[in-house]
Each structure stands twice: as C-alpha cells, then as structure tokens.
2 protein chains.
Amino acid sequence: MIAIVVHGGAGRWDETERDGAVAGVRCAAAAGWQVLESGGGALDAVTAAVIALEDDPLFNAGTGSVLNAEGDAELDAGIMAGDTLAAGGVACVRRVRNPVLVARRVMEATDCVLLAGAEAVRFARDQGFADYDPVTGRRRARWRAARARQAGERLVPGTVGAVALDGNGRLAAATSTGGRELKRPGRVGDSPVPGAGNYATAQAAVSATGWGEFMLRMAAAKTIATRIESGESPQSAAAAVLEDMERIFGAPIGVICLDARGAVGIVHGTEGMPHAWRSGGDDDFKARFAT
Amino acid sequence: MIAIVVHGGAGRWDETERDGAVAGVRCAAAAGWQVLESGGGALDAVTAAVIALEDDPLFNAGTGSVLNAEGDAELDAGIMAGDTLAAGGVACVRRVRNPVLVARRVMEATDCVLLAGAEAVRFARDQGFADYDPVTGRRRARWRAARARQAGERLVPGTVGAVALDGNGRLAAATSTGGRELKRPGRVGDSPVPGAGNYATAQAAVSATGWGEFMLRMAAAKTIATRIESGESPQSAAAAVLEDMERIFGAPIGVICLDARGAVGIVHGTEGMPHAWRSGGDDDFKARFAT
C-alpha cells in the first residue's frame, strides 16, 4: 500500500487561479507518487511533491511566496519522518529556492531540529544552496496593494504540504510557506515546527494550513496525530480538530493526513483548498479545489 | 487554591553549586508565590519566578546562560496562559536581560506567537528592552574549556521554568534557557515553542528541561498536557512521558507540571533537577536538588 496527499493551501483563491491550482497540486501529487511507485521512501515522496509546489509560482511557498511587512519574502518549511521521528525545519529564511530541501538538510546534517533567520541562511549557503530570489512580480504588485490598504487579508492562498505512505509502511510529512502577507519580520509560523503545522509518527502524518499562530497555540498537527494513534480515522481526527479550532479561535484551517493503512483525511473550513491524492489501488489521481 | 512549581534545569550540577541552586529555585518559587498570595494572576507569578532564575547567574537562562559554538549567548524563552491559550516566545535573542519578558511582550503586543533572531532583538529594542550583556566570566571560562574539548557535554545545567495556578483557577507556564552549550548559531530549542518545552491549557501547565530536539520531535509538553486533560494525575503523566522519551530517544528529561486542582507533578531522569514548590495549604516551600 502506498499513498500520497497534497494540498496547496486553505484560503481565498481568485476564480481565475483555481484551475491552475488544482492542476498544480495534481502535478505535485504525481511527482510524489512516482517516487513511491518506483520503490522510493515517503520522505523522498513528500520532498518531491513539496518541491513541485514551491517551484509553482501560483502557490504561497518558495517561488511566489507572499511578502512580509517590509516587502521581503521570509520562508518557513518543515519535514518529518514518522518511523524515526526525525524532523527538520527552517524559519524566516530569505533567498533560497526550496526551503523544504534546507529543512531536510537540517534534519540530516545537523543535531538541530529548527534553525531560524540569518543563521539558517548561512547554514544553507554552507551546504551549497545557491542565492535565489523567490519574489515574483505578481506578488510584489499584490504586496503594494495590500500595504496601501494597511492590512493583509486574514487568509491568502497559503502554505503547501504533502503527506505520504511508502511501500515499507513508513509515513512522512512536509510543509512549506511564505507565511502571512505583511507579517512581522522574524515571525516564525507553524509550518517548520513539529507538532504545530507538520507532524509524522509511525501511525500518522499530518500537514496543516491556516492561521499559524492558532496552530502553534493548539499544537494542532500533534493533536490530530494523537487522535489517529488512538484509533480514530484520519478523516474524523482532522474534522474534530478543525471544529475545535473554529470553536476556540474562530479560525478555519485546512488539514491533510494519512494513517499507516493508507486511509486519507482531507478537511478545510475555508471556501477552498486545492488538494490531490492517490491511495493504494486508485487507478488515477483525484484533484479538487474543495472537498 | 493557589500553587507554584519551579525548576532550575535537569542536568549535571557541580557538587559545589547544588546548595546555591536549591536556594535559587526556592527564592524563585517565593517570588511567584508572593504574586499569587496577593491575588495576582498565574501569568504574573510564572513571570516573576522565571525573572528570578534568569537574574541568578547560577542558572543557564538570562544572566549566566551558556554560550553557543561562536561564543555568543543566544537565549530562548516562552510563556503561555492556560485560560486563553495565549502564547509568546522568542528564539535566539542576544543581549537582553530577561527573555521571558520579551516573550510575554510578543504575546501581548503582537499578533505573533514566536519571533526569532535579529528581528526579535529589534522588536525588543523597539519595545524598550535595553541592551544587556548576559555573559558571565564563569560561563566564558567554561566555554573556552568546552571548545578546547571540541564538544559540549550532552547535559549542562539547563533551562529554567515555572508553572502556577492562581486563585481564579487559571494556569500558566514559562520556560527560559541559554540552550545547549556550543550549539549552532540560529538553533531554536524547545523552550519558546508551545507544546514542545512549555505548554498551558485550562487544565494543565507544563515546563520541561532536557535535550530540546527530542522535546520538539515528541511535542513533549503537549503530550503531557493531553494526558492530564484525560484525567491522569500530573505526576503520572510526567512519569509516563519521561519513560517514553528515555525509551525512544535514550534521553532523560525533567518536567514540572500542575493541574487545575493544584496537584503537582515533578520528575527527572537525570541525577538532579533543583526544584521548589508550594501548593494550597502547605505551610512552607519544599525545595530539593533531586526528587
């Protein structure tokens, strides 16, 4: 049994971008599936899927990330292997193309889990990650307009992620984001933090999207994983935590998750969340804008 | 019913420092107790207790923090209010006296939960926190010796914290640290991250000490809080997670925790963890080097 689920962010999407976003998540799911189908590991599958989303300028991650209060792109990403609980994350990194790869390097080449800021960029350069400007003209124009309004929208197309189950029964999760538009420089969101926006164990893999501060305060991804470990289905676990978050914080989130038998959970409290998945004997990908 | 528990870090303590550390945690517990006894809130109590520990150069937090690989003190701190799930944290901040106060300011004066690095220091300065050198001669000498050995000890006196219950039934937790000796610059530990080294809900408050990366990978504080919320006693919940951490990572931790009825949990898998507490009708503080 192999499975992959990918999301492109819960939030507001322009009508004109929805088809492109659905095509983008389908493409990312296919990249991850190919890894799994050829015998690759869950960690490589979520890495491949998230790279595809980071490189697609339609999504708020990697190239095409939204800009912070000072007009800079500060990127967060996290990755986790369920079988070993190995985790890596980077927060507030500038001028790198694929933050998920830097997060994975933190996991594999250091004794740290989370690196932040300029020192994280220094680590990336030491590891050979080239200088790269992820800011697109479209996001720059959007930022100018948002700044003129003096406030970012509460939800913008935000945060991408993937969860996967490989042929050896291992789960993994990866999540990447440009964060919130007009965010304060130095703000660390939930995506790079194990248990907040991203989490994986032997029995559950979770990637979440939404207002990162609420996810951090709830330890949302950990909460969903704990429910799945207690025997709840991924769909039911994700729905319960979505409901809790709406009740406690009044904020909708989006979640994708998997258990070790390949059961899929996909929920969102927002109008849309482009997502795609394929599990076990499915003969093709399913890809949708909303559930 | 009011209650406070304070710890000064699980780790290796020189024989000559143990009495001083026990006196220090007793003093910090008294500072927190005084707040509670005069009708103050749990948040103010844990703040007062942690300030006392940060200002005591014997502990690895605030003044007297251990130094990173490059000889700088990079400080992490987190605070959380159980009744509102409000949380604040700072990571890798340099040259501030009381990181717990900056963490609290993040919680109260921004829409962020976690700020990191140079931008977090900029926020602190904007908020009026003065430039302050927390490095003591003793830690500098220790760092020179550790660097000469080319490796830090796996456990040094590390991470302080406090949990409190106030007369209105509110719980809070605060945790502060200089982190691991010789750590990589930019490394974010568990202390500032809600759910990792620090957590509070309506029913549980938790502060943990130990190898931060394992705490992040386990979401240790959240795990303990969830167990307490399920009806387990704080002592049993903390002991169970200590055992899990030792089994999974081979790493001992220390934990203090409280539930909403003032029941206390105190465990450590290390030789010592200076701690002090007072709850409800106790007629004085209890303070010990080891349980």
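1. Cover over helix α2 of chain A. In this predicted model, the buried residues of α2(A) are covered by several elements of chain A. Among the helices that take part are α1 (18-37) and α3 (99-109). The strands include β1 (3-7), β2 (75-81), β5 (160-165) and β6 (171-177).

2. What lies under that cover. The buried residues of α2(A) include the alanines A42(A), A45(A) and A49(A). V46(A), V50(A), L43(A) and L53(A) are buried too.

3. Geometry of α2(A). The helix runs over residues 42-55, 14 residues in total. Its first and last C-alpha atoms lie 20 Å apart, close to the 20 Å expected at 1.5 Å a residue.

4. Extent of the interface. Chain A and chain B bury about 3000 Å² between them. Carbon and sulfur atoms account for 58% of that area. Each side is made of 36 residues: 36 from chain A and 36 from chain B.

5. R94(A) and E119(B) form a salt bridge through their side chains, at 3.4 Å from N to O.

6. Strands β3 (86-93), β4 (114-116) and β7 (187-188) of chain A each supply at least two residues. Helices α4 (117-126), α6 (212-218), α7 (220-229) and α8 (234-249) of chain A do likewise. α6(A) gives the most, with 4 residues. By class, the side of chain A that touches chain B has 20 nonpolar, 4 polar and 12 charged residues.

Technical notes:
Residues numbered from 1 in each chain as written. Chains lettered and ligands numbered in written order. Predicted model: local features only at pLDDT ≥ 70, side-chain atom pairs only at ≥ 80, totals over all residues. Heavy atoms only, no water. Expected span 1.5 Å × (residues − 1). Buried < 20%, exposed > 50% of the residue type's maximum accessible area, 1.4 Å probe, protein only. Contact = heavy atoms within 4.5 Å. Buried area = accessible area lost by both parts, 1.4 Å probe. Salt bridge = Lys/Arg side-chain N within 4 Å of Asp/Glu carboxyl O. Nonpolar A, V, L, I, M, F, W, Y, C, P; charged D, E, K, R; others polar.
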